[in-house]
Amino acid sequence: MNDMTQTLETPVAGRERIGGVILDLQNISLRFGGVKALTDISFDVREHEIRSIIGPNGAGKSSMLNVINGVYHPQEGRILFRGALREKMEPQVAAAQGIARTFQNIALFKGMTVLDNIMTGRNLKMKCNLFQHALFWGAAQKEEIAHRIKVEEVIDFLEIQSIRNTPVGRLPYGLQKRVELGRALAAEPELLLLDEPMAGMNVEEKQDMCRFILDVNDEYGTTIVLIEHDMGVVMDISDRVVVLDYGKKIGDGAPDEVKNNPDVIAAYLGTSH
Amino acid sequence: MGFFLETFLGGLMTGLLYALIGLGFVLIFKASGVFNFAQGAMVLVAALAMARFSGWATEALGSMVLGNVLAFLMSVAFMIAVAIVIERLVLRHLVNQELTTLLMATLGITYVLDGLGQMVFGSSVYTIDVGMPKEPLFLFEGVFEGGMLINPDDLIAAGVAATLVATLALLFQYTKVGRALRAVADDHQAAQSVGIPLGRIWVVVWAVAGIVALVAGIVWGSKLGVQFSLSTVALRALPVVILGGLTSVPGAIIGGLIIGVGEKVSEVYLGPFVGGGIEVWFAYVLALVFLLFRPEGLFGEKHIDRV
Ligand SMILES: Nc1ncnc2c1ncn2[C@@H]1O[C@H](COP(=O)(O)OP(=O)(O)O)[C@@H](O)[C@H]1O
Ligand SMILES: [Mg+2]
């Protein structure tokens, strides 16, 4: 991944773009019956940064993302989003607040085309309801077209023009991951949660995905929480990294700090993946 | 010639009714990935509601036309209420659950609807009279010998059903709600993550399926009377969705028409050679053939498994 480093801005220039705390997780604990998925975890995410979560399999990384977008409700802890204490809430409320995500196991709408999948990302931005559609077909179609233009921008950005009308179930894995990112981007989120967006990809696909992530962050200022196993990628593109192990936080800081943290080396870098 | 056309048309009319019920199955299948056993019960309840409301309303307003319009609106409201109750009491608690669980839940809904419907509206045989002209018409008398005999109420019913179907097909294929509905069918969790409210989509779909059931119930009920056996008519529409594909709105329509026409025409023309009764099994045999050779139906989505 050395060639990646050269394409990046220097970390110092990157720092300046970062703003205040947008998401603050305080003492989060999550249990499934006897399984402690997360134990007393606190960290924050700052505006415009790329914040990575790393850790061995089963460490609780996905659970953390699920807590952030309301799929799981932690038994203990507080979540502040944009300074406001968050009540227990459902994923669609998180979406309405500007949180979009992708899933570790791709969760696309398999029977639908790439275009339709990405259009669903605009769902919250479209105001016409079924009855308005039935009664005012013209107005509804106008809205449809306006959003279609935005979706085409996303399609161009991700360079997937040629597969626009393909049902996603027929696409290879790497492209599906890209479409899933597209669906999240179509929502123009403030906070983007990516759960292993590069897992199972070859080197070339990973480089593409890295480029998209960096570009999104750079061009739209989107705050990104990234779960990724490839240490080269993580160290390259993250502003700060949280390290989880068995549901506990064992490290937190800039990539260099984390890399040299003895706990992290013992618990994570020492084990093979 | 006239006789063949009459048979054909008679088949089309029955087919349209199958199609309406099949459409109810498809709508709910598309939105929740589950086969809704309760569709037949919904037809029964909707027809019962219409029959009773129309009796009261006609008496109260003293006009059959006004009474029926009011009764129809009341029945629509009633079916929407049913959808809301089903979502609140059942579906809401089954988000992200196994499909079999949902399937069993619709079985439960069937019994509750059958029972409650008859408890609330009574269990005698009712009639629905929407005042459609019953005098048969002769058509094409100049075109061929004897012309052909058709019922104008059949034609009206066909027109209503066709309009309903066309509207639904457009809405579900080309609108945000249609897309949301297909999204929910594919993946609950992903749908929620893009902000699609599962609950509201389910209410919409069950309400629409309820209204489709109401139209089917009115058409069927005004021909045959409203009674418990309406609930089992849905079973006759089962082959329709196998033929058309459970995920396809046009499939339900065309499947319904093919079966309606097929069973009538084969009964009349082949029946005499095999001793009749073809009408009873035609649809099931056709469905069986499809299950063997093209399980996704005529228009359904083919499942491609990645290895
Ligand atoms: N829905 C769930 N039900 C029960 N246990 C779960 C659930 N989700 C996660 N877990 C458990 O929580 C722990 C952390 O899992 P996960 O967050 O997926 O880890 P990671 O993403 O770091 O690999 C694991 O032990 C896992 O089995
Ligand atoms: Mg995970």
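The tour below visits a metal site, a strand, some charged pairs and a helix.

Before starting, note that this is a predicted model, in which local features need pLDDT of at least 70 and side-chain atom pairs count only at pLDDT 80 or more, while totals for chains, interfaces and linings use all residues. Residues are numbered from 1 along each chain as its sequence is written, chains are lettered from A and ligands numbered from 1 in the order in which they are written, and side-chain values use heavy atoms, with hydrogens and water left out.

**Stop 1: the magnesium ion**

Select ligand 2, a magnesium ion, together with Ser62(A) and Gln104(A): the ion is coordinated by OG of Ser62(A) and OE1 of Gln104(A), at 2.0 Å. Donors here are N, O and S atoms within 2.8 Å of the metal (3.2 Å for Na, K and Ca), and since water is not among the atoms, the site may look incomplete. Ser62(A) belongs to helix α3 (residues 61-68) of chain A and Gln104(A) to the loop between β6 (99-101) and α5 (114-120) of chain A, so the pair ties together parts 42 residues apart in sequence. Helices (H or I, at least four residues) and strands (E, at least two) are DSSP runs, numbered from the N terminus. Gln104(A) is partly exposed, at 30% relative accessibility; buried means under 20% relative accessible area, exposed over 50%, and partly exposed in between (1.4 Å probe, protein chains only).

**Stop 2: strand β3 of chain A**

Now pick residues 50-54 of chain A, strand β3, where five of five residues are buried. Ile50(A), Ser52(A) and Ile54(A) point one way, and Arg51(A) and Ile53(A) the other. Show the neighbours too: four bridges join β3(A) to the parallel strand β8 (residues 223-227), and four join β3(A) to β9 (residues 240-245), also parallel. Strands pair if DSSP finds at least two bridges between them. Click on Arg51(A), which stands opposite Val225(A) in β8(A) and opposite Arg240(A) in β9(A).

**Stop 3**

The structure holds 20 salt bridges over all chains. Select Arg179(B) and Glu144(A), whose closest N and O atoms are 2.7 Å apart. Arg179(B) sits in helix α6 (residues 176-186) of chain B and Glu144(A) in helix α7 (residues 137-157) of chain A, so this pair joins two chains. Both Arg179(B) and Glu144(A) are buried.

Next, select Glu152(A) and Arg164(A), which form a salt bridge at 2.9 Å, N to O. Glu152(A) is in helix α7 of chain A and Arg164(A) in the loop between α7 and α8 (173-186), 12 residues apart. Glu152(A) is buried, at 16% relative accessible area, whereas Arg164(A) is partly exposed, at 23%.

**Stop 3: helix α4 of chain B**

Finally, select residues 99-121 of chain B. Helix α4(B) has 23 residues and reaches 32 Å from its first C-alpha to its last, close to the 33 Å expected at 1.5 Å a residue (1.5 Å times one less than the number of residues). Its buried residues include Leu102(B), Ile109(B), Leu113(B) and Phe121(B).

Notes: A salt bridge is a side-chain nitrogen of Lys or Arg within 4 Å of a carboxyl oxygen of Asp or Glu.
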